[in-house]
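I set out below what I looked up in this structure, entry by entry. The sequence and the model come first.

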Amino acid sequence: MTLSLKAKGKFAARKVSKKFTIKSTAAASPTTSSVAYVSLWEKYKWTKPASSTDSITAATNNFNSYVATTRTSGTTVTVRSEGAVTSGSQPGSLTWEKIMSDAINLGAKAFTYPALTKPFYVYLATTSAWLGSTVTSDGFTDGPGIANIMTQGTPASSGDGYFWASITSSRSSLAANPSGTYQTPGHEFFHSIQKWNCKCVAYPDGSVVPQWFWEGGATFVGELTANNLGTNNYALSGRVENVRSITSSAATRESLLSEAITNTNSSSVARPYDIGSIATEFLVANVGMEKYLKIYSEKGTGKSFDAAFLSATGVSLTDFYSMFEEVRAALGIAKQ
C-alpha cells in the first residue's frame with residue numbers, strides 16, 4: 001500500500017514530497033468463511049435438556065413471563081351458556097363460565113391480534129339447536145354449520161371471533177377429564193390467534209402448516225394457560241396425558257415428529273396434539289414465546305412454513321426435527 005503526503009502552507013514552496021510503502025505479510029482475508037460445529041446445539045446456542053424438568057421449567061417460565069404483559073386492551077369477552085353448567089363439586093365451586101372467561105381474558109390481553117369490532121363470544125352448549133341459533137343471533141353467519149359439527153360429536157371448536165364447547169353429561173364434571181377440559185378455552189382461543197396472525201387456516205392434511213405445530217401449539221398454550229391460572233397442573237397432569245398418549249403403543253412411540261403432519265386417527269403415528277405440544281414446549285423453552293409466535297406472522301407474509309420457521313427462529317426446520325428426536329428420551333417419550 002502507498003501513502004502520499006503533500007506539504008501545504010509555508011512548506012509548499014519547498015515542494016516537500018515523500019512516499020511511504022507499507023508491506024504486509026498477512027494473508028488476505030477470505031470473502032467467505034465456514035464454521036464447523038461440533039453439534040447443532042453449539043450451532044444454534046441451544047441448551048440440550050438433561051431431563052424433561054429442564055424443558056418444562058424453561059417453557060413454563062417463558063410462557064408466564066410472556067402473558068404477564070398486556071399487549072392488547074379493549075377486548076370484551078362474553079360467555080353465553082345454555083342452562084345450568086356449573087360444577088359445584090369442584091374446589092371453590094368453580095363454574096364453567098368462570099373457567100372459560102378467565103382463560104380467554106388471559107389470552108385476549110397477552111396476545112397481539114387485530115382489534116375486534118364486537119365481543120369475543122364463548123358459547124357453552126348442551127344442544128346443537130341452541131348453539132346454532134345463538135351464534136346466528138349474535139351476527140355470525142356459520143351458525144347452522146357449527147350446529148352440524150356439534151351434532152357429529154365434536155366437543156369444541158373455534159370460529160372467527162368466538163369459540164364453543166359442548167357441555168354434555170359425560171363432560172359436565174370437570175373431574176372426569178381435567179386435562180382436556182381445563183386446556184380447552186386457552187386452546188380454542190389460541191386457534192383464533194393463529195388464524196389472525198398466520199392469515200390462514202390450517203387444513204387437516206397439513207398442506208398449510210403441519211398439524212403438530214397447529215394443534216400441538218394450541219394444546220401447549222391451552223395447558224399452560226390453565227397452569228398459569230392455577231386450574232390445572234401442567235407438569236403433573238396435562239403433560240402426563242400427552243406422554244401417555246404418545247407412548248400408549250409401540251407404533252406411536254416410534255413415530256417421528258416430522259410424521260405428525262396431518263390430523264388423522266392413524267394408529268401408526270403419534271397424535272399431533274400430544275407430540276406437538278411437547279415439541280412446542282421444547283421450542284418455547286429454547287427460543288421464547290416471542291420468536292415462537294413470530295413463526296405465525298412470518299407465515300402470514302406468504303412464506304412457506306419452512307421459511308417462516310427459519311426466519312422467526314433462526315433455526316432450520318430440518319435441524320429442529322433432528323434436535324427434537326435426539327432428546328426424546330430426556331423429554332420422556334423415548335423410543336424403544
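Is Asn 232 buried or exposed, and what is its relative accessible area? I found Asn 232 buried, with a relative accessible area of 15%; buried means under 20% relative accessible area, exposed over 50% and partly exposed in between, with a 1.4 Å probe and protein chains only.

**Basis.** I worked from a predicted model, in which local features need pLDDT of at least 70 and side-chain atom pairs count only at pLDDT 80 or more, while totals for chains, interfaces and linings use all residues. Residues are numbered from 1 along each chain as its sequence is written, and side-chain values use heavy atoms, with hydrogens and water left out.

**Confidence.** I noted a mean pLDDT of 87 for the protein, with 84% of its residues at 70 or more; pLDDT is the predictor's confidence in each residue, from 0 to 100. Over residues 1–32 the pLDDT stays under 50. Over residues 85–93 the pLDDT is likewise below 50.

**Asn 232.** I located Asn 232 in the loop between helix 7 and helix 8; helices (H or I, at least four residues) are DSSP runs, numbered from the N terminus. Its side chain makes a polar contact with the side chain of Ser 237 at 3.4 Å. A polar contact is a pair of N or O atoms within 3.5 Å; within protein, one must be able to donate a hydrogen and the other to accept it, and residues adjacent in sequence count only if both atoms are side-chain atoms. Leaving out residues up to four places away in sequence, Asn 232 touches residues including Pro 178, Tyr 182 and Gly 238 (contact means heavy atoms within 4.5 Å).

**Helix 8.** I recorded that a side-chain oxygen of Asn 233 reaches to within 3.1 Å of the backbone nitrogen of Ala 235 at the start of helix 8. Helix 8 (residues 234–246) bends by about 35 degrees at Val 240, the bend being the angle between axes fitted to the seven residues ending there and the seven starting there. Among its buried residues are Ser 237, Gly 238 and Arg 239. The buried residues of helix 8 pack against helices including helix 2, helix 6 (178–198) and helix 10 (272–299).

**Charges over rings.** I found the charged end of Arg 71 over the ring of Tyr 66, 3.5 Å from its centre. The charged end of Lys 118 sits over the ring of Phe 140, 3.9 Å from its centre. The criterion is NZ of Lys or CZ of Arg within 6 Å of the ring centre and within 35 degrees of the ring normal.

Conventions. Helices (H or I, at least four residues) and strands (E, at least two) are DSSP runs, numbered from the N terminus.
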